[in-house]
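Please walk me through this protein, from its overall build down to its side-chain pairs.

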Amino acid sequence: PVVDTFECAPDASGDNGSFGDTCDFINVCDIGLFCADVALVPGCDGDTGCCTPYCEIGNSTCAAVHPDLECVPWFEPGYAPFGEEHVGGCMLPE
């Protein structure tokens, strides 16, 4: 089945999981962050990905994390589930 909502997973990050830390699994980033592809996080030297924050579309919090980041919409235009149209991720724009 298609999953169209966010769900919580136990935080298994331990001492790691901050912005830019390498990650291979969805639950190894601190709360409020997710594991993004290596090409989308500046300075990421992981094999799979690095942790970066979720963000709210239209809010400029990503630049405070890293000047090259933008709040990129999580869902393609017109495909966001109701109530999640504002969800994005702090990533390098493609």
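The paragraphs below go from the overall fold to the disulfides, the core and the aromatic rings.

This is a predicted model, in which local features need pLDDT of at least 70, side-chain atom pairs count only at pLDDT 80 or more, and totals for chains, interfaces and linings use all residues. Residues are numbered from 1 along each chain as its sequence is written, and side-chain values use heavy atoms, with hydrogens and water left out.

Start with the secondary structure. The protein has 1 helix and 5 strands. Their order along the sequence is β-β-β-α-β-β. Helices (H or I, at least four residues) and strands (E, at least two) are DSSP runs, numbered from the N terminus.

Next comes the overall shape. The C-alpha atoms fill a box of roughly 35 × 30 × 20 Å along the principal axes.

The accessible surface comes to about 6,200 Å², and 54% of it belongs to carbon and sulfur atoms. Such areas come from the Shrake-Rupley method with a 1.4 Å probe; for residues, only the protein chains shown count as cover. Of the 94 residues, 31% count as buried. Buried means under 20% relative accessible area, exposed over 50%, and partly exposed in between (1.4 Å probe, protein chains only). Among contacts with a separation of 6 or more, 38% come from residues 24 or more positions apart. A contact means heavy atoms within 4.5 Å.

Now turn to the cysteines. A disulfide is a covalent bond between the sulfur atoms of two cysteines. Here the criterion is a pair of cysteine sulfur atoms within 2.5 Å. A search of the whole structure finds 5 disulfides. With bonded cysteines counted along the chain, the pattern is 1-3, 2-6, 4-5, 7-9, 8-10.

Cys 55 and Cys 71 are bonded, with sulfur atoms 2.0 Å apart. This pair links distant parts of the chain: Cys 55 sits in strand β3 (residues 49–56), Cys 71 in strand β4 (residues 70–73), and 16 residues separate them. The S-S torsion of Cys 55 and Cys 71 is about 100°, so this disulfide is right-handed. Both Cys 55 and Cys 71 are buried.

A disulfide also joins Cys 62 to Cys 90, with an S to S distance of 2.1 Å. Cys 62 lies in helix α1 (residues 62–65) and Cys 90 in strand β5 (residues 87–91), so the bond ties together parts 28 residues apart in sequence. What is the handedness of the disulfide of Cys 62 and Cys 90? The torsion about its S-S bond is about -80°, so it is left-handed. Cys 62 and Cys 90 are buried.

The torsion is about 85°, so the bond is right-handed. Cys 44 counts as buried at 16% relative accessibility, and Cys 50 counts as buried at 0%. Which residues make up the largest nonpolar core? Its 7 residues are Phe 34, Ala 36, Leu 40, Val 41, Cys 44, Cys 50 and Met 91. A nonpolar core is a set of buried Ala, Val, Leu, Ile, Met, Phe, Trp, Tyr and Cys residues joined through side-chain atoms within 4.5 Å. In soluble globular proteins, nonpolar side chains tend to be buried together.

The aromatic rings come last. Rings of Phe, Tyr and Trp (its six-membered ring) pair if their centres lie within 6.5 Å; planes under 30 degrees apart count as stacked, over 60 as edge-to-face and the rest as tilted. A search of the whole structure finds 3 aromatic pairs. One of them is the tilted pair of Phe 34 and Tyr 54, at 4.9 Å centre to centre with 40° between the planes. This pair links distant parts of the chain: Phe 34 is in strand β2 (residues 33–37), Tyr 54 is in strand β3, and they are 20 residues apart. Phe 34 is buried, with a relative accessible area of 6%. Tyr 54 counts as partly exposed at 32% relative accessibility.

Tyr 54 also pairs with Trp 74, again tilted, at 5.4 Å centre to centre and 45° between the planes. Tyr 54 lies in strand β3 and Trp 74 in the loop between β4 and β5, so the pair ties together parts 20 residues apart in sequence. Trp 74 is partly exposed, with a relative accessible area of 33%. Phe 34, Tyr 54 and Trp 74 form one aromatic cluster.
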